[in-house]
Amino acid sequence: IRVRNSQSTEIFRDVIINTAGTRDTIGNVKKLGTINPGKESGDKRVSIAFPKAEIKAVINGETFSTGTVNSTYMQYIGLMRITYEVYISDMNKKELTISDVILDEALVP
């Protein structure tokens, strides 16, 4: 997985992603570091991923988040390289939103 800072002029620092939502988080919480505007993080391998994920980033010293995700009824994404495109949807509420999930390519196990 990777995260793209798609529509922001702000730097996303200390980015953390949880691709498992409310399910088992072992192997699914990854630190992605800093993502500059218009850029993306490096790839990280996770055990399971869904169309939604919890993503947190520090922006101008404040923690922004997509919020927790209930993945109970979601269909997982198989062995794929995926990119979550993320933007700041509400600066005052410190909210991030995933605008798109791009299925880049299949991975070989």
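Visitor: Where is S8 found?

Guide: S8 is found in the loop between β1 and β2, the latter being residues 12-18. Those labels come from DSSP runs numbered from the N terminus: helices are H or I runs of at least four residues, and strands are E runs of at least two. Before going on, note that this is a predicted model: local features need pLDDT of at least 70, side-chain atom pairs count only at pLDDT 80 or more, and totals for chains, interfaces and linings use all residues. Residues are numbered from 1 along each chain as its sequence is written, and side-chain values use heavy atoms, with hydrogens and water left out.

Visitor: Does S8 count as buried or exposed?

Guide: The cut-offs are on relative accessible area: under 20% is buried, over 50% is exposed, and in between is partly exposed (1.4 Å probe, protein chains only). S8 has 11% relative accessibility, so S8 goes in the buried class.

Visitor: What does the side chain of S8 reach?

Guide: Look for a polar contact, that is, a pair of N or O atoms within 3.5 Å; within protein, one must be able to donate a hydrogen and the other to accept it, and residues adjacent in sequence count only if both atoms are side-chain atoms. Here the S8 side chain gets to the backbone nitrogen of E10 at 2.8 Å. Not counting residues up to four places away in sequence, S8 touches P37, G38 and I88.

Visitor: What does the side chain of N5 reach?

Guide: The backbone oxygen of I35, at 3.3 Å. N5 sits in strand β1, residues 2-5, and its 0% relative accessibility is why it counts as buried. Beyond residues up to four places away in sequence, N5 touches a list that includes F12, N36, P37, G38 and V86.

Visitor: Which way do R2, V3, R4 and N5 point from β1?

Guide: R2 and R4 point one way, V3 and N5 the other, and all are buried.

Visitor: In what sense do β1 and strand β6 pair?

Guide: Strands pair if DSSP finds at least two bridges between them. For β1 and β6 (residues 80-90) there are 4 bridges in the parallel sense. If you want one to check by eye, R2 has T83 as its bridge partner in β6. On to β7, residues 95-106: β6 pairs with it in the antiparallel sense over 10 bridges, and Y87 stands opposite T97 there. The hairpin of β6 and β7 has 4 residues between the strands, and K94 takes a positive phi near 60 degrees.

Visitor: How many salt bridges does the count come to?

Guide: Side chains of opposite charge can pair when their charged atoms come close. The rule used here wants a side-chain nitrogen of Lys or Arg within 4 Å of a carboxyl oxygen of Asp or Glu. By that rule the count comes to 9. One of these joins R2 and E40 at 2.9 Å, N to O. R2 is in strand β1 and E40 in the loop between β3 (29-35) and β4 (54-59), so this pair ties together parts 38 residues apart in sequence. R2, at 15% relative accessibility, counts as buried, whereas E40 is partly exposed at 31%. R2 also meets D43 in a salt bridge, 3.8 Å from N to O. That pair links distant parts of the chain, with D43 in the loop between β3 and β4, 41 residues apart from R2. D43 is partly exposed, at 39%.

Visitor: Which residues are linked in a network of salt bridges?

Guide: R2, R4, E40, D43, R81, E85, D104 and E105. Within it, E85 and R4 meet at 2.6 Å, N to O. E85 lies in β6 and R4 in β1, so the pair ties together parts 81 residues apart in sequence. E85 counts as buried, at 17% relative accessibility.

Visitor: How many residues has the largest nonpolar core?

Guide: In soluble globular proteins, nonpolar side chains tend to be buried together. A nonpolar core here is a set of buried Ala, Val, Leu, Ile, Met, Phe, Trp, Tyr and Cys residues joined through side-chain atoms within 4.5 Å. The largest has 20 residues, and I1, V3, F12, I17, I55, Y84 and L96 have the most contacts inside it. Elements giving two or more residues are β2, β3, β4 and β6, with the largest share, 4 residues, from β6.

Methods
Contact means heavy atoms within 4.5 Å.
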